[in-house]
Amino acid sequence: MNQVEDTAQKISTMEIRGAGRIARAAAEALRDHASKMEASSLEEFDSSLSRAAQTLLKTRPTAVSLSNAVMMVIRYQGGEVEAARQSVVDNASRFIESSLRAVEQIGEIGSRRIRNGDTVLTPCNSDAALWIIETANRQGKDITVLATESRPRYQGHLTIRRLEKAGISTELIVDSAVRSVINQVDQVVVGADVITVNGTLVNKIGTSQIALCAHEARTSFMVAAETYKFSPHTIMGDLVVIEERSPEEVLPDISQFRHVRVRNPAFDVTPHQYIDVICTEVGAIPPEMSYLIIKEKLGWELGKATGHQP
Ligand code: RI2
């Protein structure tokens with residue numbers, strides 16, 4: 001199995017997970033593919049690269065970080081094979097480096113909104129969100145974190161291990177405990193799989209319920225999102241596909257049942273009205289400014305349907 005197929009399998013099974021990590025893994029796989037590919041013509045190079053891109057793109061339909069990363073990598077310059085190969089390799093390296101730098105910048109910017117003594121609630125296991133929490137901790141701020149388990153895949157258990165290692169005081173709660181504790185919370189910090197053109201957030205299932213509780217309690221709700229998680233296609237009216245994962249993730253012995261079905265959406269939708277701020281690597285913005293990010297960072301403009309096409 002080559003690196004593209006191996007990476008695609010690991011993203012599908014969530015061995016590689018997290019919107020940022022899957023984007024970087026896809027870029028690395030395409031970089032490997034381009035550097036090793038034998039092509040006697042540009043047409044051959046194109047079709048091989050396109051097949052590799054499609055293999056990766058079909059793994060997780062919701063995360064726009066994956067499709068944005070693939071598009072940024074395969075959009076090469078050069079009229080012959082070796083120039084195209086080098087361009088794809090350089091694009092992939094540039095994306096990986098900039099995406100790693102982006103979470104550090106988000107950590108720096110978002111941590112300024114965390115005060116000494118704050119209690120911060122975070123669901124799932126978002127690298128960007130945890131960079132904000134860890135950066136605030138490194139600044140000497142005394143914070144307590146409430147981490148939700150995030151069924152059915154329990155990504156919250158990854159979060160408590162990371163915060164334990166960072167020496168940050170943490171309480172693990174079940175997902176349905178959020179409304180019971182929300183009045184103790186000063187700041188909610190969540191990651192993002194998609195930010196749409198009007199600032200709506202698509203993130204791990206359960207995020208919208210947390211936003212609803214925060215809104216009712218007047219608790220600040222912050223999203224940590226790199227600019228490559230903003231979706232250009234929603235400018236064109238496209239709706240975000242919500243990934244439905246296998247029933248066995250929720251009920252391993254579902255096959256014993258004849259009259260019971262399992263619904264297992266992996267993400268949900270939080271309207272922009274419930275979001276106070278989106279922390280990106282270029283600044284903290286209100287959700288209403290999302291179009292500007294898509295226009296200025298991703299190169300898509302209203303009325304210009306193409307934007308940066310491969
Ligand atoms: P980072 C994750 O999805 C969660 O929804 C998380 O909030 C989001 O990706 C962003 O994660 P999954 O891969 O890029 O656990 O901030 O299904 O790490």
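Does Asp127 count as buried or exposed, and at what relative accessibility? At 17% relative accessibility, Asp127 counts as buried, where buried denotes under 20% relative accessible area, exposed over 50%, and partly exposed the range in between, for a 1.4 Å probe and protein chains only.

The structure is a predicted model, in which local features need pLDDT of at least 70 and side-chain atom pairs count only at pLDDT 80 or more, whereas totals for chains, interfaces and linings use all residues. Residues are numbered from 1 along each chain as its sequence is written, and side-chain values use heavy atoms, with hydrogens and water left out.

In total, 15 salt bridges are found in the structure, a salt bridge being a side-chain nitrogen of Lys or Arg within 4 Å of a carboxyl oxygen of Asp or Glu. One of them links the side chains of Arg21 and Asp127, with an N to O distance of 4.0 Å. Because Arg21 belongs to helix α2 (residues 19-36) and Asp127 to helix α6 (residues 127-138), this pair ties together parts that are 106 residues apart in sequence. Helices (H or I, at least four residues) and strands (E, at least two) are DSSP runs, numbered from the N terminus. Arg21 itself counts as partly exposed, at 30% relative accessibility.

Asp127 also meets Arg162 in a salt bridge, at 2.7 Å from N to O. Arg162 lies in helix α7 (residues 156-166) and Asp127 in helix α6, so the contact ties together parts that are 35 residues apart in sequence. Through shared partners, salt bridges join Arg21, Arg24, Asp127, Glu134 and Arg162 into one network. A further salt bridge is formed by Arg115 and Asp118, whose closest N and O atoms are 3.4 Å apart. Asp118 counts as buried, at 4% relative accessibility.

Attention now turns to the strands. Strand β7 (residues 220-224) is mostly covered, with four of its five residues buried. Two strands are said to pair if DSSP finds at least two bridges between them. Strand β4 (residues 187-190) pairs with β7 in the parallel sense over four bridges, and Val190 has Val223 in β7 as its bridge partner. Strand β9 (residues 277-280) also runs parallel to β7, to which three bridges join it. Here Val223 stands opposite Ile278 in β9. In a regular strand, side chains alternate between the two faces of the sheet.
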